[in-house]
Amino acid sequence: MTAPPAAAPRLLARPPASHRRDALAAHLERHGPLPSPSPHALVAAVEAAGLRGRGGAGFPTATKLRAVRGRRRTVVANGAEGEPASQKDAALLACSPHLVLDGLALVADALGATDAVLAVPDATGLRRHLAGRTDRVPVRVVEVPDRYVASQETALVRFLHGGPALPLPTRRTAAGTLVDNVETLAHLALIARNGPDWFRSVGHPELPGTLLVTAGGAVAAPGVVEVPAGTAVRAALDLAGGPTEPVQAVLSGGYGGAWLPAAAVDTPLDHAALRAAGSTLGVPVLLALPARACGLTQTAHLLQFLAGQSAGQCGPCRFGLRDVAGDLTLIAAAAPDAHPAHDRVRRRLDLVTGRGACALPDGAARLAHSALRVFGDDLHRHLTGRPCRGAAAAPLFPGLRR
């Protein structure tokens, strides 16, 4: 059963393809003036709304704000978007930058911050939107290296403190800095204006509101769509023009996500439902894999990319991902030693999981596990020397090289 049609756009009130950013006056005309709730009232409204982070982890935003209140000097709007397949943050900043800046201002005031940062890979045209704003804390726009791990929270904080844009060797964020995804902050600004009931009027009970989803692969109109959380995967792909050819699987959650078989495309876009289906919401990305492609080969390309993005700071990532990618490449090619590679890759995935300094090894392991499960029939043929017709095909998805 598919979800109801998408609600009217909330964040993308104008198509992002126009590449025209809202002027402040037009923004205020559309959304009204930004209220000034007390810190307690803002956190209470966000909690009642059930807002969860839109950066991938889905952590309750009110819990995060309450935990750090009064102890944060810097608030960061994370629009670095290191995931090559995702375009949602760029689309939001192209369409409604002032919603993001409003959310950043509200959180900075609530936490008593003295520094506000908008972190993006490309600041072209963004700084001009700061003119005319009267926020208590002026916003700095900082360009972050366009690399997969650079958008990870500790990597971003490390970069803002003068270090390399690489994850910290521990999962603990540097003291004094709060990081929220730009989409989360834009939703927060709308909640402050319209209230929790309005926010909950669409979406899923456990994940209220809308989601910005990047749809790609074998669809007619790849790009970003805004859908109520809980919308079926199939319905979201239909909003991107629908499949252009038969689809065998959909990659959900980006390159560190997991494959969802075509038979499960009516799964709702929420954390619990996708997890129960063996996949993940993660960064909301849906990549439709055509039936003509070899899922093992395309996964090997993805793993090679992830291995190449390693910060090189811990063994599971530096060596484990490289070896896992090599094993799956041998399997995809139906090499003579594919059987030993299959045995090795399963052992190595267990060794990699949960042992990295950041989530990169876990995401790669999740992707590999899902490929071995979803493409099980193909795996058997490859191991018996009968590879798919697409076994030697080039990468189909963005940011990958052969």
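Buried means under 20% relative accessible area, exposed over 50% and partly exposed in between, with a 1.4 Å probe and protein chains only. This is a predicted model, where local features need pLDDT of at least 70, side-chain atom pairs count only at pLDDT 80 or more, and totals for chains, interfaces and linings use all residues. Residues are numbered from 1 along each chain as its sequence is written, and side-chain values use heavy atoms, leaving out hydrogens and water.

**View A. Trp-259 and Phe-375 form an edge-to-face aromatic pair.** Rings of Phe, Tyr and Trp (its six-membered ring) pair if their centres lie within 6.5 Å; planes under 30 degrees apart count as stacked, over 60 as edge-to-face and the rest as tilted. Here the centres are 5.3 Å apart, with 70 degrees between the planes. Trp-259 sits in strand E10 (residues 258-261), and Phe-375 in the loop between helices H14 (360-374) and H15 (376-383). Strands (E, at least two residues) and helices (H or I, at least four) are DSSP runs, numbered from the N terminus. The two residues lie 116 residues apart. Phe-375 is buried, at 3% relative accessibility. Trp-259 is buried too, at 0%.

**View B. Tyr-148 pairs with Phe-305.** The ring centres are 5.8 Å apart and the planes stand at 85 degrees, so this pair is edge-to-face. Tyr-148 lies in the loop between strand E3 (139-143) and helix H6 (153-160); Phe-305 belongs to helix H11. Tyr-148 is buried at 16% relative accessible area, and Phe-305 is buried at 14%. Ring pairs link Tyr-148, Tyr-255 and Phe-305 into a cluster.
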